[in-house]
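Student: Hi! Could you walk me through this one while I have it open?
Tutor: Happy to, ask away.

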Amino acid sequence: MLVFTRKIGECLMIGDNVQVKVLSADRDHVRIGISAPREIPIHRQEIYDVIVERNKQASLSVTPPKDLLARLKI
Amino acid sequence: MALQTGLEREIMANKIATGHFGELQFEDQDIILCPRGLPGFETLRNFLLVKDDNLKPLTFLQSIESPTISFPLINPGNLFPEYRWDLPSEQIQELGLSKPEDGIVYCIVTIAPEPEKATVNLFAPLIVNPSQRKAVQVILMQSAYRTDEPLLRSA
């Protein structure tokens, strides 16, 4: 992992068009601002991880029980 | 010329041996492209939408590259009539939709052996552009929808 020390207000550039700026920091929290093209998805890691986990579970799904299908038909 | 694996040969013949649906034959125009894959499955790009009378009302997103993998989908419209959100403009563009209502919304279902334990991911729906045969799983960052909403809540 590439590691940088930045002061508040300082930035990093990732590629040509993603800018990461340290907005503020205290003991436990760092506020980060990201300027990036809209087509680049940006997510909190823990939220993305939940989606990954859900997708993995869904992909392992067993054959649906008959009574589930019956109850879904409205 | 590199040797083809059995799987590559089968894909070229548009035939896959799936985990759930046996052997599936398909046409090129049946293929749904997920340009970024799905979270956790970023390398899988090509899928089929499998509908089977015995599995109604579920539809399955079947991977072509990895035929043992498929995702059960449900159209949330009937079960969750209050399910509403705006498709972000970058995804409208990525899918090549001329208007957002042309997209078909599916939600991924996690099936459990007990019907009451089945859940549906309302937080990250799959949007399909049927005319360009493209799909993207959208994460509704600003919403309060759950990834594990009980599927039978309203049924």
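Student: How much area do chain A and chain B bury between them?
Tutor: About 3000 Å², and 67% of that is on carbon and sulfur atoms. Buried area here is the accessible area (1.4 Å probe) that two parts lose on being put together, summed over both.

Student: Which residues in chain A lose the most area to chain B?
Tutor: Those are A:Arg54, A:Asn55 and A:Leu72, which together make up 20% of what that side buries.

Student: Before I go on, what should I know about the model and the numbering?
Tutor: This is a predicted model, where local features need pLDDT of at least 70 and side-chain atom pairs count only at pLDDT 80 or more, while totals for chains, interfaces and linings use all residues. Residues are numbered from 1 along each chain as its sequence is written, chains are lettered from A and ligands numbered from 1 in the order in which they are written, and side-chain values use heavy atoms, with hydrogens and water left out.

Student: OK, how many residues does the contact take from each chain?
Tutor: Chain A gives 28 residues and chain B gives 43 residues, with contact meaning heavy atoms within 4.5 Å.

Student: And how many salt bridges are there between chain A and chain B?
Tutor: Three, each being a side-chain nitrogen of Lys or Arg within 4 Å of a carboxyl oxygen of Asp or Glu. One of them joins A:Arg71 and B:Glu116, with the closest N and O atoms 2.7 Å apart.

Student: Which helices of chain A supply at least two residues each to the side that touches chain B?
Tutor: Helix H1 (45-59) and helix H2 (66-72); helices are DSSP runs (H or I, at least four residues) and strands are too (E, at least two), numbered from the N terminus. H1(A) gives the most, with eleven residues.

Student: Switching topic: how many aromatic pairs are there over all chains?
Tutor: Four, where rings of Phe, Tyr and Trp (its six-membered ring) pair if their centres lie within 6.5 Å, and planes under 30 degrees apart count as stacked, over 60 as edge-to-face and the rest as tilted. B:Tyr83 and B:Trp85 are edge-to-face, at 5.9 Å centre to centre and 70° between the planes.

Student: Is B:Tyr83 buried or exposed?
Tutor: Buried, at 7% relative accessible area; buried means under 20%, exposed over 50%, and partly exposed in between (1.4 Å probe, protein chains only). B:Trp85 is partly exposed at 22%.

Student: Why is the pair of B:Tyr83 and B:Tyr145 edge-to-face?
Tutor: Because their planes are at 75°, with the centres 4.7 Å apart. B:Tyr83, B:Trp85 and B:Tyr145 form one aromatic cluster.
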